Amino acid sequence: MTLTIAPETPDQAEVHALLEQADRRSAGLYPAESRHGLSVAALLAQRVRFLVARQDGRAVGCGGFAPQDDGTAELKRIFVAAEARGLGIGRALLQALEADAARAGIRLLRLETGVKSAEALGLYRRFGYRETGPFGAYGPDPLSVFMAKSLPDEWLTAADQPIVKP
């Protein structure tokens, strides 16, 4: 298995399919008012830095971050296809996003996820994300979990942090 993670546009058929799969999964867990996934058009409009994970050339995961003017960013649309779960792709994708954000000068990453997304919550907690309150345009929601993580200073100057994982 060859896994690569690299910047790509979310506006391509394989990524549309991943995001549709993510939306179907989310719709099975949460009511519409508690689902906050951005459309491809919104990802493009907000200039989200977007990465795609490819296993042997096939898109199996994706995610991005939306930089803010204050040196923070929000993680967006992190998803791994059902058939590719359990292979470490989510972990590799999150590592790549963090490294890429740090290189871009981001000092704090924030995210919103759902209380029923056990795998995602476990991954974020293992990576040092801690629960916070709502941020940005989010309001309190009993089905949302808000988390944040400060990025290590050494990543800000480490030009050799890889985006592409073997």
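This is a predicted model: local features need pLDDT of at least 70, side-chain atom pairs count only at pLDDT 80 or more; totals for chains, interfaces and linings use all residues.
Residues are numbered from 1 along each chain as its sequence is written, and side-chain values use heavy atoms, with hydrogens and water left out.

View 1. Searching the whole structure turns up four aromatic pairs. One of them joins Phe 135 and Tyr 138 edge-to-face, at 5.1 Å centre to centre and with 65 degrees between the planes. Here, rings of Phe, Tyr and Trp (its six-membered ring) pair if their centres lie within 6.5 Å; planes under 30 degrees apart are stacked, those over 60 are edge-to-face and the rest are tilted. Phe 135 is buried, with a relative accessible area of 11%, and Tyr 138 is buried too, at 17%. (Buried means under 20% relative accessible area, exposed over 50%, and partly exposed in between, using a 1.4 Å probe and protein chains only.)

**View 2. Helix H3, residues 89–103.** Helices (H or I, at least four residues) and strands (E, at least two) are DSSP runs, numbered from the N terminus. Because 12 of its 15 residues are buried, H3 is largely enclosed by the rest of the structure. Among the buried residues are Ile 89, Leu 93, Leu 97, Glu 98 and Asp 100. Just after H3, look for Gly 105, which takes a positive phi of about 90 degrees.

**View 3. Leu 44 in helix H2, residues 40–45.** Leu 44 is partly exposed, with a relative accessible area of 41%. Not counting residues up to four places away in sequence, Leu 44 touches Thr 9, Pro 10 and Asp 11; contact means heavy atoms within 4.5 Å. From Leu 44 to Leu 109 there are 65 residues in sequence and 19 Å in space, C-alpha to C-alpha.

**View 4. Pro 67 in strand E3, residues 58–67.** Pro 67 is partly exposed, at 39% relative accessibility. Setting aside neighbours within four places in sequence, Pro 67 is in contact with Arg 47, Thr 72, Ala 73 and Ile 106. Pro 67 and Ala 17 are 50 residues apart in sequence and 25 Å apart in space, C-alpha to C-alpha.

How values were computed
The expected span of a helix is 1.5 Å times one less than its number of residues.
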